[in-house]
Amino acid sequence: MTTGISTAPRRRSPVRTFLPLAVAAWLILEIWLLSLVAGQAGGLAVAALLAGGMVLGVVVIKRAGRRAFKNLTETFQQAQQGVPPTPQQPGGGNGLTMLAGLLLIMPGLLSDAAGLLLLLPPVRALVGRRAARSLERKMAAAPAGSFGDAFQQARIHYPDGKVVPGEVIREDRPQGPDTGYRPPLTP
């Protein structure tokens with residue numbers, strides 16, 4: 001019996017091939033920039049830059065978390081009152097602000113620069129719109145009712161990969177000898 005899933009080996013994605021190389025190049029560039037700054041300004045200045053970035057990142061993440069909790073509370077209150085919640089615009093959420101804080105916490109000058117850029121509202125809105133469009137394209141390309149590649153990957157790595165055809169039969173009334181009236185339990 002065939003399941004419609006190809007068992008031919010899939011070609012490795014270019015992202016999976018080049019992402020480790022990009023991360024390694026980024027780390028090397030970060031270390032090189034830190035050594036340049038340390039050579040010009042001294043090790044104490046580099047330590048102060050890294051500590052300042054970490055403190056600023058923690059403050060940004062804390063503020064974004066409080067704002068997210070406040071938005072969640074307001075949404076729940078609106079739902080309890082029967083008012084439909086107001087949709088947010090792409091880039092208007094707190095996820096990209098938290099990402100900016102995380103980039104600021106990470107040691108390095110490039111990650112700090114990227115985090116500071118992501119704190120600017122126009123840049124955050126642009127990145128949010130691009131991410132939303134990319135996600136919509138990927139969701140539109142996926143077949144309806146499927147989990148896409150995640151299901152196929154789990155299916156491929158399942159030990160035997162067999163499919164068992166079956167049918168579920170459900171009776172609406174309870175079965176068994178104890179189906180008569182039962183008085184409520186008293187304490």
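Thr97 is buried, with a relative accessible area of 5%. Buried here means under 20% relative accessible area, exposed means over 50%, and partly exposed is in between, with a 1.4 Å probe and protein chains only.

A word on the source. This is a predicted model, where local features need pLDDT of at least 70, side-chain atom pairs count only at pLDDT 80 or more, and totals for chains, interfaces and linings use all residues. Residues are numbered from 1 along each chain as its sequence is written, and side-chain values use heavy atoms, with hydrogens and water left out.

Back to Thr97. This residue lies in helix α3. Helices are DSSP runs of H or I with at least four residues, strands are E runs of at least two, and both are numbered from the N terminus. What is Thr97 in contact with, leaving aside its neighbours within four places in sequence? Val60, Ala64, Arg67, Leu119 and Arg124. Contact means heavy atoms within 4.5 Å.

Now the whole chain. The secondary structure comes to 6 helices and 0 strands. From the N terminus on, the order reads α-α-α-α-α-α. The chain has 187 residues, and 13% of them count as buried. Take the contacts between residues at least 6 apart in sequence: 65% of them join residues at least 24 apart.

Next, α3 itself. Its buried residues are Leu96, Thr97, Ala100, Gly101, Leu103 and Leu104. Seen down the helix axis, they fall within an arc of 160°, so they line one face of α3. The arc is that of the directions from the helix axis to the C-beta atoms.

Take α2 and α3. Helix α2 covers residues 43-80 and helix α3 residues 95-105; their axes come within 7 Å and cross at roughly 160°. That makes α2 roughly antiparallel to α3. The axes are lines fitted to C-alpha atoms, for helices over the stretch in contact, and angles run from 0 to 180 degrees between N-to-C directions. Under 35 degrees counts as roughly parallel, over 145 as roughly antiparallel, 65 to 115 as roughly perpendicular, and the rest as oblique. The crossing of α2 and α3 is left-handed. In a left-handed crossing the near helix is turned anticlockwise from the far one by less than a right angle; clockwise is right-handed. On the α2 side, the contact includes Gly53, Val60, Ala64 and Arg67. On the α3 side, it includes Thr97, Gly101 and Leu104. By class, the residues of this contact are 10 nonpolar, 5 polar and 1 charged. Ala, Val, Leu, Ile, Met, Phe, Trp, Tyr, Cys and Pro count as nonpolar, Asp, Glu, Lys and Arg as charged, and the others, Gly among them, as polar.

On to α3 and α4. Helix α4 is residues 109-119, and its axis comes within 7 Å of that of α3, crossing at roughly 155°. That makes α3 roughly antiparallel to α4. This crossing, too, is left-handed. Among the residues that meet are Thr97 and Leu103 in α3, and Asp112 and Leu119 in α4.

Last pair. α4 and α5 pack at an angle of about 90°, with axes 5 Å apart. They are therefore roughly perpendicular to each other. Leu117, Leu118 and Leu119 of α4 meet Pro121, Val123, Arg124 and Val127 of α5. This contact has 6 nonpolar, no polar and 1 charged residues.
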